[in-house]
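Dear colleague,

Please find below the structure that I am handing over to you. My findings follow directly after it.

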Protein chains: 2
Amino acid sequence: MTDKSIYAFGGGGAEGRGDQKELLGGKGAGLAEMSSLGIPVPPGFTITTEVCKYYHRNGQSYPEGHDEEFRGHLKRLEGLQSKRFGDPADPLLLSVRSGGPVSMPGMMDTILNLGLNSEIVEGMIAAGRDARFVRDCYRRLVQMYGDVVLEVPFDDFERILGAARERHGVELDSELSADALAEVTADYLALCEERGKPFPAAPLEQLRGAVDAVFESWENKRARSYRRLHGLSEDSGTAVNVQAMVFGNNGSDCATGVAFTRDPSSGERVVYGEYLTNAQGEDVVAGIRTPVSITASDGHGGLGAEFPQAHADLVAVCAKLEEHRREMQDVEFTIEASKLYMLQTRDGKRTGLAAARIAVEMVDEGRISMHEALLRVSGEQLAQLLAPVFKPEDKQSRIADGALLGRGLAAGPGAASGRIALTADRAAEMARSGPVILVRDETSPEDIVGMHASTGILTSRGGMTSHAAIVARGMGKPCIVGAGSLTVDEHAGELRVDNRTFREGDELSIDGTSGEVLAGALKPHPSEVLQAVVEGRPIESHTVRAFHQLMTWADETRRMRVRANADTPEDARVARLLGAQGIGLCRTEHMFFEDDRISWVRQVILTDSDETRDHALAQLLPEQQSDFEGIFETMAGLPVTVRLLDPPLHEFLPKEPKALAELAREMGIDATAVADRAEALAEFNPMLGHRGCRLGLTTPEIYDMQVEAITRAACGLAARGIDARPEIMVPLIGTVQEMVRLRERSETVVARVKSELGSDLAIPIGTMIEIPRAALVADKIAEHADFFSFGTNDLTQMAFGYSRDDAGRFLPQYVETGILPADPFEKLDIEGVGQLVRMACERGRATRRDLKIGICGEHGGEPSSITFFESCGLDYVSCSPYRVPVARLAAARATLAAD
Amino acid sequence: MTDKSIYAFGGGGAEGRGDQKELLGGKGAGLAEMSSLGIPVPPGFTITTEVCKYYHRNGQSYPEGHDEEFRGHLKRLEGLQSKRFGDPADPLLLSVRSGGPVSMPGMMDTILNLGLNSEIVEGMIAAGRDARFVRDCYRRLVQMYGDVVLEVPFDDFERILGAARERHGVELDSELSADALAEVTADYLALCEERGKPFPAAPLEQLRGAVDAVFESWENKRARSYRRLHGLSEDSGTAVNVQAMVFGNNGSDCATGVAFTRDPSSGERVVYGEYLTNAQGEDVVAGIRTPVSITASDGHGGLGAEFPQAHADLVAVCAKLEEHRREMQDVEFTIEASKLYMLQTRDGKRTGLAAARIAVEMVDEGRISMHEALLRVSGEQLAQLLAPVFKPEDKQSRIADGALLGRGLAAGPGAASGRIALTADRAAEMARSGPVILVRDETSPEDIVGMHASTGILTSRGGMTSHAAIVARGMGKPCIVGAGSLTVDEHAGELRVDNRTFREGDELSIDGTSGEVLAGALKPHPSEVLQAVVEGRPIESHTVRAFHQLMTWADETRRMRVRANADTPEDARVARLLGAQGIGLCRTEHMFFEDDRISWVRQVILTDSDETRDHALAQLLPEQQSDFEGIFETMAGLPVTVRLLDPPLHEFLPKEPKALAELAREMGIDATAVADRAEALAEFNPMLGHRGCRLGLTTPEIYDMQVEAITRAACGLAARGIDARPEIMVPLIGTVQEMVRLRERSETVVARVKSELGSDLAIPIGTMIEIPRAALVADKIAEHADFFSFGTNDLTQMAFGYSRDDAGRFLPQYVETGILPADPFEKLDIEGVGQLVRMACERGRATRRDLKIGICGEHGGEPSSITFFESCGLDYVSCSPYRVPVARLAAARATLAAD
């Protein structure tokens, strides 16, 4: 470790720097930085993360010389504040706060008012300090210290406090008198004594105990499991900040508050926040008094009216911090005797809308570069600009009518409304007649089908990694979890909120971006950005402008191209408007399901006669051709990768015996024969069954028809001067011979049609890489494929041996308990599946240097996966149309990350 | 190419050598070798494989100087035989035969009697040669040449010949007079003329045409597809042998025949074979006259009686060849004017029994080493010593009674008998009440279930790579394909053979080792070897002796250990007797199905109550413990790897709603709840579902119980002085965290039980490697696993994306058409799946140098796969008990191959 183990700050400067987050923690570095900038900060010192590491590596001991250093810093602090720690009349009081390089729930957070004991309390009161204030400070200290350091159960303290309130006939702690508080504190002290954990009266012992407790909490269970879940290093350690107390609760010229340097919802450049007069930080959190806005609002002049100087100072501090940190800040402050003290600064969390606007405006302001702006907006933030929304005016008017039922964690962005279903089965049933919101205490694997059927998901319990949250995010559905104000009574068929009762079928709205739950059905609307881009409405707004600006920068920056997965001309149109540079996956199976076609498809499947089959295929040919014409024309000038038929044939037959019998009657075939054939086609594991190129090889006539339809469509358009650029993609290749033979057969059909139509259009033929074995023999397959497109959904299924349809039974538990860092169907499993992707790229390009490689699985729109694909040198990613902007941004960020 | 393009043989020596198979082909090298040994061979010369390669690489042309060399060799031949090629009175006649380094069907084989034309025929007759003989030679030449070289359809020639037989009122070609033969030849010549492909009269043109035709046939479709199917090089080319004719059909002092230097069925050291007096080779093949045995038999003195000198010479030649080649030979000979000429020698094909006996006896005779002996007996040959058999006396007596219905290709060794089923559905149905032989024209994917249900499979059509052959071998069932004498009339429900009719339900026997189909049900018996080894009967036979000797040598030679997959004490006992050095896979699921247990298992699955579940598990614990005790005791001193529960829970529930309802009633649970639970457990792709360690993590109580049962069983036995060596194997690990957690949990249970019982038994904990991802992260998994055991069945399913239960729909076609070289569930796919195996070995050992690695998939008993496992450095293979001897031999051969 470094020689110096403690860094002073405040009092006109700092020993540490703002960029020393690793050593000083985020909080310590922020305090050092503010001190250096001359911003008023109560002085203090930071014990480094190195000390924490030493402490744990050396049997809970401190490095040599640490104690001396510690005493030196304490003495300096006493000098600065002209008070002595432990002085019985006018003591220096201290706070101890943890602060690692990354903020982490589960660790000991804060202990205030250290340095008090019964003797000192009496001394201070005797010296003229307000008795109620002093006694309350002491009461708070003993409670916090007892709970956090001594580990006496919190509830036991609360019980004593509650008893006191009752005894004295008051409702709020703040109504307890000085004497009552003294009683409470005495009971607290007795409680600790009783539990064999006496509260240390000696101030230095208090201070040391608090510091030890912070370091101990680094290794507690919750902190360790948090680190494991979030892939954080076990080695970084935490720092401890010891700081002189300032009091926001010492009279009406005191206050405490939090602020953002810009509006974290809209991104507008204005100091935004809340404060409470005559209060300590924990009072804000407790939520008993409602903080008021810093900015003036109806009936309130804001901080500027109440504390004009402090407000002016705060605005200046915010400006200085932004200028210095080049990022929007989230600060905590206290006003004591009308003077402003800053307690913390850190980069502020913000909504997607705000992130986009702030990033773009900071470039305008000359603070950051365009590349930095791209790195400041995550894909998920951008996605919020595209998610469906409730109109703010709709929401406000409903809220004004009392429709707000509560808030939960915003687990899946987007707005949704529908009828309440309280069980998954009911959800699946009700979904047939309109949108449904599934409301549960929590969801479980048995609920998967119902979740699929629902428009939105709401739970009363669970956190951001609960089953509901994981599954909903995977499905891309609006979702709120942990909305604790709701009581779900499945048996009564009721949802209760406070004293209101809703029944199944009643309407409900959820805003998964904000976490708000509202009674009644609000109408979800396309976001402003989608209205402007896709609907072509002339909307001028900061959001729309920021979106366009970011997209322009992203497009200038990224190396990979972005395509969309689209099966219809309409999807293709939307994709193109959203910036898709081609179609990476055009599935053909949906085309087989349309009403007038499915009976021909079934004839192909059910007949034994070549003639009947050929006739049926001849009926399908012009239909497929016209499907392709629509898409190729929409995407004129851009490539369209058409995947030949993929699903097993039984998917095209009805499931019930009755429907099968009817089908037989319709087609004039023997019912038993049809039933036999359907049974013969049924599979134990359809996912691993007779589908994709396997079908293409055993029933080649279907692929022949599709290849002919593609070729006819493209050549026909070309003859009309439309630049159609089809690419034929063979699914499910696992061996080189499959590719060799299907390529040969397809080329024959293409050549025949081209010669008939006198066309010389080039039609590349490539394959999906979605079978693990294909990745292993990619060098050989590349000899016969013009392009690869990773089907990472199937590749993930087979590499893990997970059926996506069934994995809901264990996958959420795997993610919740950290067996897997994330759902591998949502974020690509770089450790395992990623090896196959990289291998296939390297091997494929080893034999075919100019092999074009893309990805068309759902990971193609997921930012962390896109970063990985960039590192593999993919040529493009392809995702669903509405994810295209996210992918464009993510690709740009990936390019920057790779530089 | 080398300068010399033609090698002479015969006439007292040879230019080539017996070891020049690559250059001279097998036939040419054999002729050269025999010539050098002074064995009488009609002289000739061999045009090398290099010329063939040159021919195809240079637009069907010959190398410079080739023509001159050719003429030189022809001149030398004329000198040796004192005859001139094309002499109109006493011409040299020649044969042309192809012969590559590897014999290959599909290539042009033989043209005899080259050098005749109408003028020469008349000249020879004028010079006193027998007219009928000469005219027949000419007739044969034109027919063979017309068919093979000129490609005039064979049937057209046969039609002319048939018309002549009819016209002259005879039944056999040999009854046609010289004049009639002259007519036929004239018609042949006219036919060729008519087809625009006149027969060349000039002898030299005939000869050159024949040589060209051999080279051309190297590239014909059948030859190419054969090479592709058998993985033969496209580059080896074929040689051509031009040889002076000798005539076995020139009178009663002439004969032609084939012989083996030892009996190819039993391996007995005796010259064994057949011959025909006054006949040419093709007459033997045509099967019109029945050849007689070389050895004396009932009513016939054999070759020794008829041709004493030639017979003595043949015996001497055979001895000389064996001495020289150190291998049993298959020879062709002709006797002309009582003098023996050898036409060919090659290593002889033999049955498994013969292979074993010959190998062992050749070591006794000092001809070959013990290692060579091991390399002379393939695993499949050894398997024949273990396959069920009909007693020869049973079979002979039935055949004597006329029970032999025909012969087909021996596609799956072993004897089976049962009732005839003519459709797969009927087979599945009938199999419930006893063994069934499925008899079809050919099988298709729809028949898979019926094939599974049948004891043996018989088809009237198809070859060794037909659907039936591939699937039956994969299932390890006796199978005969291509039994052309059978007519299957599915609609009439009849099987007809000649004029006999069998109905469904009639009894039939098939010997898949010999290809014989017999009426009636013969009883299959364990083979002699199994009777001796497993039943412990004191059998003294050459076969049993050879088996023991080979096994001893194999055990001395091999590096890898061989274990068996066994779930019961009885299987374990058999495995141990057959040489298993442990149990590599003891499945535990079957133990859950036993009558008195399944209801407890179902309670575990169906209950929501922890108490009920714990109670049910407590009932199962002693049962499992006693299962394990039985196996551990049987295998005392040897390791037993127990796999924790693998299948998904729904496999333990009844399928039909009725049975479920009954179950609910029995268990006193609500029927709807049971049905709901069963439905909730059902899976779309159970293979990729909630099973193996996934179940172990979500329902940990089951594994806890199993681990406890294993530990109690082993510690209990150890306390009684029995050396139990359990190993706990966790199935389906795909991520390192699964392994970490299940290992931790298992270790806790083991430690608890050991501490309770005061035992210090070490119980290793390892994992299956059967998920592709596990192979990719094997380095990390190895940190927490004491051993790996490859589950190559599942690994193959997932690497290929094939469901084994469904792949029957396309896999046989894949193998038949060469998309895959073999069924990857039968032979390990080294190209793809093998990469994962090798990767897992390398990565696993990189982090844990002493990692024990085995394989317990079905590939563990398959020789080519075993060779690959040796190359990966596996510690052991594990296979079904009856495959253990095969694996011991294959492991030894693999060790030798690796040296």
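Over all chains of this predicted model, a search of the whole structure finds 145 salt bridges.

In chain A, Glu494(A) and Arg503(A) are joined through their side chains in a salt bridge, with N to O at 3.3 Å. Glu494(A) has a relative accessible area of 18% and is therefore classed as buried, whereas Arg503(A), at 43%, is partly exposed.

In chain B, helix α25 takes part in two such pairs. Arg613(B) forms a salt bridge with Glu701(B), and their closest N and O atoms are 3.3 Å apart. This pair links distant parts of the chain, since Glu701(B) belongs to helix α29 (residues 700-719) and Arg613(B) to helix α25 (residues 610-634), 88 residues apart. Glu701(B) counts as partly exposed at 21% relative accessibility, while Arg613(B) is buried at 14%. The second pair consists of Glu633(B) and Arg720(B), whose closest N and O atoms lie 3.7 Å apart. Arg720(B) is exposed, with 54% relative accessibility, and Glu633(B) is partly exposed, with 38%.

Salt bridges with shared partners also connect Arg262(A), Arg269(A), Glu322(A), Glu365(A) and Arg367(A) into one network.

I turn next to the interface. Chain A and chain B bury about 4,700 Å² between them, with 53% of it on carbon and sulfur atoms. On the side of chain A, the residues that lose the most area to chain B are Leu688(A), Arg773(A) and Arg809(A), together 14% of what that side buries. Each chain contributes 51 residues to the contact. Eight salt bridges are found across this interface; Glu683(A) forms a salt bridge with Arg809(B), with the closest N and O atoms 3.7 Å apart. Between the two chains there are 33 residue pairs in polar contact. The side of chain A that touches chain B comprises 23 nonpolar, 13 polar and 15 charged residues.

Leaving aside residues up to four places away in sequence, Phe632(B) touches Val640(B), Val642(B), Ile710(B), Ala713(B), Ala714(B), Leu717(B), Ala724(B) and Pro726(B).

With kind regards

Definitions and conventions: Residues are numbered from 1 along each chain as its sequence is written. Chains are lettered from A and ligands numbered from 1 in the order in which they are written. This is a predicted model: local features need pLDDT of at least 70, side-chain atom pairs count only at pLDDT 80 or more; totals for chains, interfaces and linings use all residues. Side-chain values use heavy atoms; hydrogens and water are left out. Contact means heavy atoms within 4.5 Å. Buried area is the accessible area (1.4 Å probe) that two parts lose on being put together, summed over both. A salt bridge is a side-chain nitrogen of Lys or Arg within 4 Å of a carboxyl oxygen of Asp or Glu. A polar contact is a pair of N or O atoms within 3.5 Å; within protein, one must be able to donate a hydrogen and the other to accept it, and residues adjacent in sequence count only if both atoms are side-chain atoms. Ala, Val, Leu, Ile, Met, Phe, Trp, Tyr, Cys and Pro count as nonpolar, Asp, Glu, Lys and Arg as charged, and the others, Gly among them, as polar. Buried means under 20% relative accessible area, exposed over 50%, partly exposed in between (1.4 Å probe, protein chains only). Helices (H or I, at least four residues) and strands (E, at least two) are DSSP runs, numbered from the N terminus.
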